[in-house]
Amino acid sequence: MHDPAAQGTDFFKCDFCRRPWREDRPMVEGHRGSLICADCLTAAHLEIVNEKRPGHSPPEHGACTMCLERRDDPHWQSPLFESAFICRRCIRQSAQTLAKDPDSGWTRPGAAATADRIEDDPDPDDD
Ligand SMILES: [Zn+2]
Ligand SMILES: [Zn+2]
């Protein structure tokens with residue numbers, strides 16, 4: 001979300017935890033300025049994609065916060081802000097976007113533990 005009352009990078013806030021953008025908290029943007037940060041995306045990915053949990057469905061007139069569509073996919077609901085949902089498709093797309101961004105340093109949770117590797121160039125790990 002874009003917080004018009006905030007200044008600088010505080011302007012960009014994750015819709016799911018409402019923390020502002022920071023260098024070490026990369027975010028992926030959805031429709032109409034909705035944002036999910038790397039931490040929330042990790043939690044969503046683990047629950048819905050890795051563990052294949054059924055998740056939650058948005059309420060009758062709700063929709064995915066990221067794509068603004070109503071889908072039958074499982075959704076991850078923010079534990080902090082119960083009106084924030086992200087559908088499985090958006091989790092997957094956001095994960096791809098963030099994993100491809102060399103500045104994010106983010107990798108999909110469990111990616112190394114499964115045979116589901118779609119990256120063909122291994123990330124140089126300089127830890
Ligand atoms: Zn967040
Ligand atoms: Zn969505």
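## Contacts of Leu-41

Leaving aside residues up to four places away in sequence, Leu-41 touches Val-28, Ile-36, Ile-91, Ser-94, Ala-95 and Leu-98. The coordinates behind these contacts come from a predicted model.

## Nonpolar core

Leu-41 is also among the residues with the most contacts inside the largest nonpolar core, together with Ile-36, Cys-37, Ile-86 and Ile-91. This core has 24 residues. Two or more of them come from each of strand S1 (27–29), strand S2 (35–37), helix H1 (38–50), strand S4 (85–87) and helix H2 (88–100). H1 gives the largest share, 5 residues.

## Chain and fold

The chain has 2 helices and 4 strands. Read from the N terminus, the order of elements is β-β-α-β-β-α.

Of its 127 residues, 28% count as buried. Among contacts in the chain with a separation of 6 or more, 41% link residues 24 or more positions apart.

## Confidence

The mean pLDDT of the chain is 87, and 87% of the residues reach 70 or more. Over residues 113–121, however, the pLDDT is below 50. Beyond near neighbours in sequence, this stretch has 1 contact in the model. Where pLDDT is low, the predicted coordinates should not be read in detail.

Key:
Residues numbered from 1 in each chain as written. Chains lettered and ligands numbered in written order. Predicted model: local features only at pLDDT ≥ 70, side-chain atom pairs only at ≥ 80, totals over all residues. Core = buried A, V, L, I, M, F, W, Y, C linked by C-beta atoms within 7 Å. Buried ≥ 20, exposed ≤ 12 C-beta atoms within 10 Å, placed from the backbone. Contact = placed C-beta atoms within 7 Å. pLDDT = per-residue confidence, 0-100.
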